Amino acid sequence: MTTAARTAAIRINARAGFVIAMAAFLGVVAFFWPFLVAPGKFGSHYAPPLIFGVLLVIVLCVVISEIAEGGINSKALAMLGVLSAVNAAIRPLGAGTAGIETVFFILVLAGRVYGPGFGFTLGCTSLFASALVTGGVGPWMPYQMFGCAFVGMLAGFLPKASGRREIAMLALYGSVSGYLFGFLLNLSFWPFSLDPDSSIAYLPGLPFTEQFQRYLAFDLATSLGWDTGRAVTNFICITLAGPAVLTTFRRAARKARFEAPVRFRPGARP
């Protein structure tokens with residue numbers, strides 16, 4: 001049995017896996033709808049709010065279905081609450097200045113140790129708690145929640161490694177995820193933020209290749225510096241704090257024994 005299987009805090013059964021897959025699919029649709037929706041079929045004025053509402057419902061379904069199926073026991077739920085609070089507390093330290101974000105390295109390390117289901121849920125709850133603490137609730141919040149959920153979930157699917165190789169792999173993944181997070185989050189406001197006459201603005205009706213080229217130019221021109229700051233921050237935090245944090249998380253997982261079977265013994269006869 002692999003380390004990931006022994007320490008997974010949230011067991012993904014068939015139903016929970018299906019719900020998470022549906023949530024991930026709708027998240028991808030929410031990010032990439034400018035490339036998928038034909039002009040006039042799903043108006044840009046009401047498409048995003050509708051997608052946001054569906055996404056929030058799916059996120060709740062993920063958590064509720066896990067609890068209903070016993071996927072989240074009391075110990076895993078406590079760990080989820082603690083790490084969500086820690087992420088909500090440390091996120092304002094970076095405040096996104098020059099792309100410095102301090103919330104991602106915990107998502108990566110927790111997803112690695114406790115599994116993709118835990119990483120997905122932690123990404124959602126961390127950003128939700130952070131938005132409540134900092135007053136950052138807005139139409140961008142579901143995008144941030146799902147962006148972080150993808151970061152935590154994919155960390156749980158990384159291949160098996162140990163020692164320095166594991167730290168190097170996680171640091172590299174943290175850097176790549178920093179760029180991918182910015183790439184996805186820019187899609188949340190790109191269709192509404194520029195003059196339609198701009199050469200890098202969203203223009204309904206263009207073929208996918210031309211639309212995508214416009215978006216790549218927009219992303220490079222507006223956020224490459226911030227994404228680089230996020231990638232460097234993730235790399236440094238994981239490299240320096242990763243070994244100690246991984247050891248702490250795995251020690252907590254061993255003591256909590258998330259996967260320990262429950263046995264009932266017959267009571268003594270009078």
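Which side chains meet in a salt bridge at 2.6 Å, N to O? They are E166 and R250. I'll come back to that pair.

First, the ground rules. This is a predicted model, where local features need pLDDT of at least 70, side-chain atom pairs count only at pLDDT 80 or more, and totals for chains, interfaces and linings use all residues. Residues are numbered from 1 along each chain as its sequence is written, and side-chain values use heavy atoms, with hydrogens and water left out.

Now the overall fold. The protein has 10 helices and 0 strands. Helices here are DSSP runs of H or I with at least four residues, strands are runs of E with at least two, and both are numbered from the N terminus. Along the sequence the pattern reads α-α-α-α-α-α-α-α-α-α.

Contacts next, meaning heavy atoms within 4.5 Å. Take those between residues at least 6 apart in sequence: 80% of them join residues at least 24 apart.

Then surface and burial. Accessible areas come from the Shrake-Rupley method with a 1.4 Å probe, and for residues only the protein chains shown count as cover. The total is about 13,700 Å², with 69% belonging to carbon and sulfur atoms. Of the 270 residues, 47% count as buried. Buried means under 20% relative accessible area, exposed means over 50%, and partly exposed lies in between (1.4 Å probe, protein chains only).

On to the inside. A nonpolar core is a set of buried Ala, Val, Leu, Ile, Met, Phe, Trp, Tyr and Cys residues joined through side-chain atoms within 4.5 Å. The largest one holds 58 residues. Within this core, F31, L83, L109, Y114, F118, F120 and F249 touch the most other members. Seen by helix, α2 (14-36), α4 (74-94), α5, α6 (116-134), α7 (141-155), α8 (163-186) and α10 each supply at least two residues. Helix α7 gives the most, with 10 residues.

Back to the charges. Side chains of opposite charge can pair when their charged atoms come close. The rule for a salt bridge is a side-chain nitrogen of Lys or Arg within 4 Å of a carboxyl oxygen of Asp or Glu. By that rule there are 3.

Start with R112, in helix α5 (residues 104-114). R112 counts as buried because its relative accessibility is 9%. Leave out residues up to four places away in sequence, and R112 touches A155, G156, L158, P159, K160, A161, E166, M169, L170, L246 and R250.

R112 and E166 form a salt bridge at 2.8 Å, N to O. That pair links helix α5 to helix α8, 54 residues apart. Now our opening pair again: E166 and R250, at 2.6 Å. This bridge runs from helix α8 to helix α10, across 84 residues of sequence. Both E166 and R250 are buried.

As for shared partners, salt bridges join R112, E166 and R250 into one network.

F235 is partly exposed because its relative accessible area is 40%. With V232, I236 and L240, F235 makes a nonpolar surface patch of about 390 Å². Patch residues have over 30% relative accessible area and no salt bridge; like charges are joined within 9 Å, and nonpolar side chains (Val, Leu, Ile, Met, Phe, Trp, Tyr) within 5 Å.
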